[in-house]
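Trainee: Please pick one part of this model and walk me through it slowly. I'd also like to hear how it sits among everything else.

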Amino acid sequence: MQSSGFGSGGAHGGGSVNIVETLRKPQTWIRMAGVLFAIIVFSALAANGRDFGVCAFNTKDSACDFGIAVGVIAFLALLSLLVIDFAMPAINQERIQKIFILVDFAFSAFMAFIWFICFCYLTNEWRVTSFYVPSSVRNAVQGAIAFCFFSICAWGALAVFGFMTVRNSGGFNVGYSNLEAGGGPAGGAGGGGASAPLNPDSSPYQEPPSGDVEKPVY
């Protein structure tokens, strides 16, 4: 499945780990870029977001702490998703794969929204900052804001890819797919009370045999 963000088999795994095939996927590179963006955001705010202990975002420590927290969470989450990307082809259970695919989509959309809030919050607090900020702190703050915006784009792209994967994999319609494949309760591997197909020649409405027919005696 080309739009799958997990491994090389999408929702149909069961093979071995294929690092080359996973590296060819755009989702893998977007995740790696997101890791870099998150590192820049939380490291810039943690190292140079404050001047003599005072947060550069209008003296509000909550702004600095929020930006650092979002960056660290995004960094750890993307590392976990990358590990799942490489391990997904080795998972044999289709339902587990679909759960990971749905979680990937939902979490990517959620993080895109969180990054949007972080970008708006930091931008607004920086806009109303009236005191003097040294150039080193100013560069760190502006860089963090810029990479917050880039993180919105990265997580938004991951959410789009995740939605495409959920749509193409059929979500959680495992039962319906089994029925269509002959694995439901009425037949196939999952059916215990399967009945043999009707023979078209065994219809109860058969034509009488050709030739002389003995007439009934009254």
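Mentor: Let's start with Cys-118, which is buried, at 0% relative accessibility. Buried here means under 20% relative accessible area, exposed means over 50%, and partly exposed is in between, with a 1.4 Å probe and protein chains only. Before we go on, keep in mind that this is a predicted model, where local features need pLDDT of at least 70 and side-chain atom pairs count only at pLDDT 80 or more, while totals for chains, interfaces and linings use all residues. Residues are numbered from 1 along each chain as its sequence is written, and side-chain values use heavy atoms, with hydrogens and water left out.

Now, who does the pairing? A disulfide is a covalent bond between the sulfur atoms of two cysteines; here, the cut-off is a pair of sulfur atoms within 2.5 Å. Searching the whole structure turns up one disulfide. Cys-55 and Cys-64 make that bond, with their sulfur atoms 2.0 Å apart. The link of Cys-55 and Cys-64 is right-handed, with 90° about the S-S bond. Cys-55 is buried at 0% relative accessible area, and Cys-64 is buried at 0% as well. Back to Cys-118: it is in no disulfide, and its nearest cysteine sulfur, in Cys-148, is 3.9 Å away. Cys-120 is partly exposed, at 35% relative accessible area.

Next come the charged pairs. A salt bridge needs a side-chain nitrogen of Lys or Arg within 4 Å of a carboxyl oxygen of Asp or Glu, and the count by that rule is six. One of them joins Asp-85 and Arg-31, at 2.7 Å from N to O. That pair links distant parts of the chain, 54 residues apart: Asp-85 sits in helix α3 and Arg-31 in helix α2, residues 26–48. (Helices are DSSP runs of H or I with at least four residues, strands are E runs of at least two, and both are numbered from the N terminus.) Asp-85 is buried at 0% relative accessibility, and so is Arg-31, also at 0%. Together with Asp-104, Arg-31 and Asp-85 are linked in a network of salt bridges.

Another pair is Lys-60 with Glu-125, at 3.3 Å from N to O. Lys-60 is in the loop between β2 (54–55) and α3, and Glu-125 is in helix α4 (residues 94–127), so the pair ties together parts that lie 65 residues apart in sequence. Lys-60 is partly exposed at 37% relative accessibility, whereas Glu-125 is buried at 5%. Arg-24 and Glu-21 also meet in a salt bridge, at 3.7 Å from N to O; Arg-24 is exposed at 63%, and Glu-21 is partly exposed at 28%.

Finally, zoom out to the whole chain. It has six helices and two strands, running α-α-β-β-α-α-α-α from the N terminus. Of its 218 residues, 35% count as buried. With contact meaning heavy atoms within 4.5 Å, residues 24 or more positions apart account for 74% of the contacts with a separation of 6 or more.
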